[in-house]
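Work through the exercises below with the sequence and the model open. Each task is followed by a solution in steps.

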Amino acid sequence: MNQREYYNLYKVEKFYWWFVGRRFIIKNIINKYISKTTCLRILDYGSGTGGNFSLLNEFGNTVGAEVSTVAIELSKQNFPSNKVYTINKDQALPFPDNHFDLITLLDVLEHVKDDIKLLSEIKRHLKPNGNMLITVPAYQFLWSEHDEALGHFRRYTLKNLTKKLETTGFKVTYATYTMSLLFPLMVFYRLIQQLVSKSKSTALLHPTVSYLNIPTPVNYLLVSILKLESLLLGIMKFPFGMSVAILAQTHNELSNLPQR
């Protein structure tokens, strides 16, 4: 990802609708499907500028792993107590095997050229019955300048991500599309974008186009819609959406999980 985008991310991830809404969704998934009887040992892989630390810290002791030195420095400014480790070019992590209860990859996997290799590396560091929570952008037909600006290699469907997880030895315990209530609006936006605009500056992370130009009442409305969606996900799943959310375990024995 372009280093400039980390500064844009740092400025807005506390309030911008996408990040706030995603945190609501992540929190509800962890609350429902992961035991809270103990303090979890958590790794946020691809932790960026630390926007998820405040949420993950509610569930245990959280450390980050990040490839960008710029992002790590920005993360330290807001969350000095959360250690962030540097990811090397081989994606190896400085942790022993069977170390974490939960590893999160929140809109990270699409940035990695060899996603199968990364999933295998992540699996090694999870405890038996450890959980991995993944979110990724959905549907290749929604590909746009936004994906190119952020250095994405692909978008996913629920089916093909599930297959990749099973190939690497994970058992999927919960899977759904998310950002679903806003999906029709996004499809319409992307169609207009493809028909009208050929400029790279339309990328979602461009500060003068999206983050800083959305009126506060609109941003608040979008956050409220995604908060509602996070509650609905407690009783249903969505068959489509802008994002895929999957929870997977490292062992076939699925203990302490409600029936799907």
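**Exercise 1.** Determine how many residues of strand 7 are buried.

Solution. Strand 7 covers residues 243-249, and seven of its seven residues are buried. Strands here are DSSP runs (E, at least two residues), numbered from the N terminus. Buried means under 20% relative accessible area, exposed over 50% and partly exposed in between, with a 1.4 Å probe and protein chains only.

The model is predicted: local features need pLDDT of at least 70 and side-chain atom pairs pLDDT 80 or more, while totals for chains, interfaces and linings use all residues. Residues are numbered from 1 along each chain as its sequence is written, and side-chain values use heavy atoms, without hydrogens and water.

**Exercise 2.** Find which strands pair with strand 7, and which residues stand opposite Ala245.

Solution. Pairing requires at least two DSSP bridges between two strands. Strand 5 (residues 126-137) runs antiparallel to strand 7 and is joined to it by seven bridges. Strand 6 (residues 171-178) is also antiparallel to strand 7, again with seven bridges.

**Exercise 3.** Is His99 buried or exposed, and what does its side chain contact?

Solution. First, locate His99 in the loop between strand 3 (84-86) and strand 4 (100-106). His99 counts as buried because its relative accessibility is 19%. Its side chain makes a polar contact with the side chain of Arg41 at 3.2 Å. A polar contact is a pair of N or O atoms within 3.5 Å; within protein, one must be able to donate a hydrogen and the other to accept it, and residues adjacent in sequence count only if both atoms are side-chain atoms.

How values were computed: Helices (H or I, at least four residues) and strands (E, at least two) are DSSP runs, numbered from the N terminus.
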